[in-house]
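Student: Hi! Could you walk me through this one while I have it open?
Tutor: Happy to, let's look together.

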Amino acid sequence: MNREQEGTGRSARSTLWGRIACGWAVAFAGLHFYWGLGGDVGLSVSAGPLATTRPLWFVVLGLWGVGGLCLLGAVLAWLLTRSDLRRVPAALARGLGWGVSAVLLARGIGVEVILLTGTASVGASVSEQQRVWTLALWNPWFVAGGLVFGLATFGASRRTDAAPPPLASP
């Protein structure tokens, strides 16, 4: 009985990061859908001039498209919490999880470094207000997402690597 409880607690802890990653992705999707429906709180400091003109390509790809990708990320995070994934599906989910983690971390840290060091000429395309919000809110949000996806993938790797293979039917 004690071993069952211990195993259940360990399993719940190992899926926690996947649930957090799922929530992160859903929240980010919700924000993009809000903007796609015409909401503007926070968009001007994120997208700059595109927020006021809202060209069709920006709304379709930048708002609805990114929102859709975030929902796919939420599904991936949920899959990373599943203990019944084996072989190819488990390896594919883990590979995608590591990829999402790397992209989010590279985006968050890369833009942070560029803005702080001034290594790239962003010129007048990025206002001072955009720069402050990007440094204080948006980049840390991407880094947090990258970390939780990485931790979720690490947890999924440990669960699937340590789990015995499913029993074969006679």
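This is a predicted model: local features need pLDDT of at least 70, side-chain atom pairs count only at pLDDT 80 or more; totals for chains, interfaces and linings use all residues.

Student: Got it. How many helices and strands are there in the protein?
Tutor: There are 6 helices and 0 strands, where helices (H or I, at least four residues) and strands (E, at least two) are DSSP runs numbered from the N terminus.

Student: And how much of the protein do buried residues make up?
Tutor: They make up 32% of the 170 residues.

Student: Rings next. How many aromatic pairs does the structure hold?
Tutor: It holds 8. Rings of Phe, Tyr and Trp (its six-membered ring) pair if their centres lie within 6.5 Å; planes under 30 degrees apart count as stacked, over 60 as edge-to-face and the rest as tilted. One of the pairs is tryptophan 24 with tryptophan 141, stacked at 5.6 Å centre to centre with 20° between the planes. This pair links distant parts of the chain, with tryptophan 24 in helix H1 and tryptophan 141 in helix H6 (residues 128–162), 117 residues apart.

Student: Is tryptophan 141 buried, exposed or partly exposed?
Tutor: Partly exposed, at a relative accessible area of 29%.

Student: Why is the pair of tryptophan 57 and phenylalanine 58 called edge-to-face?
Tutor: Because the ring centres are 6.1 Å apart and the planes stand at 80°. Tryptophan 57 is exposed at 51% relative accessibility, whereas phenylalanine 58 is buried at 8%.

Student: Which residues do ring pairs link into a cluster?
Tutor: Trp24, Phe28, Trp141, Phe142 and Phe149. Arginine 107 also lies over the face of phenylalanine 142, at 4.0 Å from the ring centre; a charge sits over a ring if NZ of Lys or CZ of Arg is within 6 Å of the ring centre and within 35 degrees of the ring normal.

Student: Which residues touch the most other members in the largest nonpolar core?
Tutor: Ala21, Trp24, Leu80 and Phe149, out of 19 residues in that core. A nonpolar core is a set of buried Ala, Val, Leu, Ile, Met, Phe, Trp, Tyr and Cys residues joined through side-chain atoms within 4.5 Å. H1, H4, helix H5 (87–117) and H6 each give two or more residues to this core. Another core lies apart from it, with 9 residues, among them Trp35, Leu43, Phe58 and Val59.

Student: Switching to loops: where is leucine 85?
Tutor: In the loop between H4 and H5. Leucine 85 is buried, at 16% relative accessible area, and its C-alpha atom is separated by 9.3 Å from that of alanine 156, 71 residues apart along the chain.

Student: What about arginine 54, what's its phi?
Tutor: Positive, about 45°, although arginine 54 is not a glycine. Arginine 54 is found in the loop between helix H3 (49–53) and helix H4 (56–81), and is partly exposed at 22% relative accessibility.

Notes:
Residues are numbered from 1 along each chain as its sequence is written. Side-chain values use heavy atoms; hydrogens and water are left out. Buried means under 20% relative accessible area, exposed over 50%, partly exposed in between (1.4 Å probe, protein chains only).
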